[in-house]
Amino acid sequence: MANLWTALSKEKPLQIVGVINPLCALMAKAAGFQALYLSGAGVANANFGIPDLAMTNLSDVLAAIRPITAVSDLPLLVDADTGWGSPLNVERSITEIERAGAAAVHLEDQITAKRCGHRDRKQIVSSQVMTERLQAACHARKNSTFKIIARTDALGIESKEATLERVHAYIKAGADAIFLEAATTLETLQYFSQQINVPILANMTEFGKTPLYTVAEFGKVGVSMVLYPLTAFRAMNQAAMDAYQTVRKEGSQQSILKKLQTREALYQLLNYEQYEKRLDHYQEEE
C-alpha cells in the first residue's frame with residue numbers, strides 16, 4: 001500500500017491533486033505529483049451526473065477507487081464523506097476503502113445529508129458524534145500507515161475557539177491530521193497550526209470560500225498538505241464543452257485540433273507499445 005506520510009516527508013506542503021479516473025491518475029504522476037485525491041463530488045458529478053448532496057454511497061466510491069489504485073502506485077486520499085451511517089457503517093467503510101488500496105481517507109463532521117463544504121446552509125453534528133465516527137474509523141483500519149484525516153466544517157458556523165475545541169477532540173479520538181474546510185484567511189490556518197501538533201490540510205478548490213493562495217503561502221503558515229480536488233476535472237469539462245460546441249457549430253474538429261491530446265501522447269501514457277509487444281509475443285507462439 002502506498003503511504004501518504006512517506007510522500008509528505010518528501011514534499012511539504014504536499015500537493016494532493018484530484019483525479020476522477022485511472023487515466024487522470026497517470027497524467028497526474030506524469031506531471032510530477034506525489035499524491036492523488038478522489039473527491040466525493042467528483043464521483044457524484046463525473047460518474048452519475050448528480051450534485052454532491054449525499055446521493056452516492058460506499059459502493060459507488062469503491063467502484064471509483066479500484067481502477068485508480070490498479071494503475072497507480074501513488075498514495076490515494078479518498079473523500080469518505082460522513083462515513084455513510086452509524087459507527088458500524090464507518091467501520092465497514094474504512095475496511096473496504098483500505099482493502100481497495102487507498103492510503104488515507106477524510107471523514108467530515110457534517111450531518112448525513114451533507115452539502116458541499118463551500119455552500120451555505122450546511123449543518124454539523126456534535127463533537128461527540130464526530131469523535132464516535134473517528135474512533136470507529138481508527139478501530140477498523142488494519143494498517144497504521146493508513147491515515148484517518150478529520151475534516152471539520154465548523155469554520156463559519158461556530159467561533160474559531162469552538163472549532164479549535166472540536167479539533168482537539170478529533171485528535172484525541174485518533175485523527176492523524178486535520179482538514180480545515182472553507183478557511184477564508186491564511187491567519188486562520190496559522191492560528192490552528194500553532195495550536196495543534198498534527199498536519200493540517202487546506203482545500204484549494206476553485207470558486208469557493210478560500211482565496212487561491214500559493215503552496216508557498218500555505219507553507220509559511222504551517223499548512224502541511226494542499227488539496228486541489230477538481231481543478232483538472234473543471235478544465236476537462238470546459239474543454240469538452242468547447243469541443244462539442246465547435247464540432248456541432250463548424251461540422252469539423254479542424255479548428256481545435258492543436259488543443260487535442262494526440263494519439264501518440266495518449267499511447268505513451270497507456271504504455272501502448274509494451275502491451276502491443278506482449279500481444280505480438282503471444283501471437284507469435286501460436
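Reply: The largest cavity has a volume of about 40 Å³. A cavity is a set of points on a 1 Å grid over the protein atoms alone, where a 1.4 Å probe fits but cannot get out; its volume is the space filled by probe spheres set on the points, which are joined across faces, edges and corners. The structure holds one cavity of 30 Å³ or more.

This is a predicted model; local features need pLDDT of at least 70, side-chain atom pairs 80 or more, while totals for chains, interfaces and linings use all residues. Numbering starts from 1 along each chain, and side-chain values use heavy atoms, without hydrogens or water.

The lining residues (an atom within 4 Å of a point) are Leu 180, Glu 181, Ala 182, Ala 183, Leu 189, Ala 202, Asn 203, Thr 210 and Phe 218. By class, six are nonpolar, two polar and one charged. Here Asp, Glu, Lys and Arg count as charged, Ala, Val, Leu, Ile, Met, Phe, Trp, Tyr, Cys and Pro as nonpolar, and the others as polar.

Start with Ala 182. Ala 182 sits in the loop between strand 6 and helix 8 (DSSP runs, E of at least two residues or H or I of at least four, numbered from the N terminus). Its phi is positive, about 60 degrees, although Ala 182 is not a glycine. Most residues other than glycine have a negative phi. Ala 182 has 7% relative accessibility, so it counts as buried (under 20%, with a 1.4 Å probe and protein chains only; exposed is over 50%).

Next, strand 7, residues 200–203. Both of its faces are covered. Ile 200 and Ala 202 are buried on one side, Leu 201 and Asn 203 on the other. Strand 6 (residues 177–180) runs parallel to strand 7 and is joined to it by three bridges; pairing takes at least two DSSP bridges. Phe 179 stands opposite Leu 201.

On to strand 8, residues 225–228. Strand 8 also pairs in parallel with strand 7, over three bridges. Ala 202 stands opposite Val 226 there.

The loop between strand 7 and helix 9 holds Phe 207. Phe 207 has a positive phi of about 65 degrees, but at 80% relative accessibility it counts as exposed.

Finally, the setting. Eight strands close into a barrel, ordered 1-2-3-4-5-6-7-8, with parallel pairing.

Terms used: 1 Å grid on protein atoms, 1.4 Å probe; cavity = no way out; pocket = protein on both sides within 12 Å on 5 of 7 lines; lining within 4 Å.
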